[in-house]
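Open the model in your viewer and keep the selection panel at hand. Each stop below gives a selection and then what is there.

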Amino acid sequence: MLGTWKNAGSGKGLTFASDSPSEIIDLRISLTNRQKGQCTGMARNGIRRRKLYEDIASELERRIHAGDYAPGDHLPSERKIMEEFGVGRPAVREALFALRKMGLVSVKSGEPARVTTPTPDILIDELSGVARSLMATNDGVRMFQDARVLLEVALVRHAAANATPEDIKALLQALNANRVAVHDRRSFNETDNAFHARIVEIAHNPVIDATYSGLSEWLYEQRQIAMLHPGSPQKAIDAHTRIFEAIAAADKEAAEEAMRAHLKDVVEQYWSVWEARLSLQG
């Protein structure tokens, strides 16, 4: 049976009390004495003191991983968590928010948090804010452009070596949809991305799917701007055709060469349009 958490007093932290003395665990969690204005950010030795909600989140996370709560189960109500840990509602809500960011729980108004199964998409979502900040600079854009090349070249080689007849059929359908949309910029952008995403899907790896989805979202502006370059849509169609033919022929070298050339063109088109815009503004 689980014991109970108790506030040991001002500045002394939380302790875990059990019916068995051998199960008593002193967690040494630092608490804030706001009335006396004590600092909770850093200890004197320079080591950051953990905040109260972090320790609550850590304990709930431990219980989830230990199987105390399975996916689909509800955690105890906020009030019960408050009573168990001897803390106020703000600390509990911060702890639940932290668990939600980790993809461990879903939180809906009016009901206890529910345990969920983490997915790769959670990881990418957590990186989105940082990614957008990096993309605000030219150097950041170049880093993501390089990352896309590294990822898609590896994936197109994998596709050429592993694509099944069903994969080839689906990729051809994506290519044909892209061809039909060549004169509709919005539809072309969507089908262009769908063609590349279909190559990614051949790997059958949710982590890679989520990574590509994140890169695609973060480089959305690049696709929009590159498409303004004269002849860009038709160049992309021609490149996609060469990529498809190489994958269908199981030619890894040709697939890599076609993908590298295609992405090099996209990058050059982007910077050409970007620099032209800057010269007009100047």
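**Stop 1**

Select Ala-250, found in the loop between α10 (232-248) and α11. This is a predicted model. Check the backbone here: Ala-250 has a positive phi of about 60 degrees although it is not a glycine. Most residues other than glycine have a negative phi.

**Stop 2: α10 against α11**

Now select the helices on both sides of that loop. The axes of α10 and α11 cross at roughly 165 degrees and come within 8 Å. An angle over 145 degrees counts as roughly antiparallel, and α10 and α11 are therefore roughly antiparallel to each other. The crossing in which α10 passes α11 is left-handed.

Show the side chains at the contact. From α10, take Ser-232, Lys-235, Ala-236, Ala-239, His-240, Arg-242, Ile-243, Ala-246 and Ile-247. From α11, take Ala-254, Ala-255, Ala-258, Met-259, His-262 and Gln-269. Colour them by type: the contact of α10 with α11 has nine nonpolar, four polar and two charged residues.

**Stop 3: aromatic rings in α11**

Stay on helix α11, residues 252-281. Select Tyr-270, Trp-271 and Trp-274, which form one aromatic cluster. How are the rings of Tyr-270 and Trp-274 arranged? Their centres are 6.0 Å apart and their planes are at 15 degrees, so the pair is stacked. Tyr-270 and Trp-274 are four residues apart in α11, and so are separated by about one helical turn.

Tyr-270 is buried, with a relative accessible area of 2%. Trp-274 counts as partly exposed, at 23% relative accessibility.

**Stop 4: a ring pair between helices**

The structure holds three aromatic pairs. For one of them, select Phe-144 and Trp-218. The ring centres of Phe-144 and Trp-218 lie 5.6 Å apart, with the planes at 75 degrees, so this pair is edge-to-face. Are Phe-144 and Trp-218 buried or exposed? Both Phe-144 and Trp-218 are buried.

**Stop 5: α5 against α7**

Select helix α5 (residues 138-162) and helix α7 (residues 185-201). Their axes are 8 Å apart, and the helices pack at an angle of about 60 degrees. α5 and α7 are therefore oblique to each other. Look along the contact: α5 passes α7 in a left-handed crossing.

Show Arg-148, Glu-152, Leu-155, Val-156 and Ala-159 on α5. They meet His-196, Ile-199 and Val-200 on α7. The residues of this contact of α5 with α7 divide into five nonpolar, one polar and two charged.

**Stop 6: α7 against α8**

The crossing of α7 and α8 is right-handed.

For the contact, select Asn-193, His-196, Ala-197, Val-200 and Glu-201 of α7 with Ile-208, Asp-209, Tyr-212 and Ser-216 of α8. The contact of α7 with α8 comprises four nonpolar, three polar and two charged residues.

**Stop 7**

His-204 has a positive phi of about 55 degrees although it is not a glycine. With a relative accessible area of 61%, His-204 is exposed.

**Stop 8: Thr-119**

Select Thr-119, in the loop between β5 (114-115) and α4 (120-134). Thr-119 is partly exposed, with a relative accessible area of 39%. Draw a distance to Leu-104, 15 residues away along the chain. The C-alpha atoms of Thr-119 and Leu-104 are separated by 9.3 Å.

**Last stop: the whole chain**

Zoom out and show the cartoon. The secondary structure comes to 11 helices and five strands. Colour by burial: 39% of the 282 residues of the chain count as buried. Among contacts between residues at least 6 apart in sequence, 61% join residues at least 24 apart.

How values were computed: Residues numbered from 1 in each chain as written. Predicted model: local features only at pLDDT ≥ 70, side-chain atom pairs only at ≥ 80, totals over all residues. Heavy atoms only, no water. Axes fitted to C-alpha atoms, helices over the stretch in contact; angles between N-to-C directions. Helix = DSSP H or I, 4+ residues; strand = E, 2+ residues; numbered from the N terminus. Parallel < 35°, antiparallel > 145°, perpendicular 65-115°, else oblique. Left-handed = near helix turned anticlockwise from the far one by under 90°. Contact = heavy atoms within 4.5 Å. Nonpolar A, V, L, I, M, F, W, Y, C, P; charged D, E, K, R; others polar. Phe/Tyr/Trp six-rings, centres within 6.5 Å; stacked < 30°, edge-to-face > 60°. Buried < 20%, exposed > 50% of the residue type's maximum accessible area, 1.4 Å probe, protein only.
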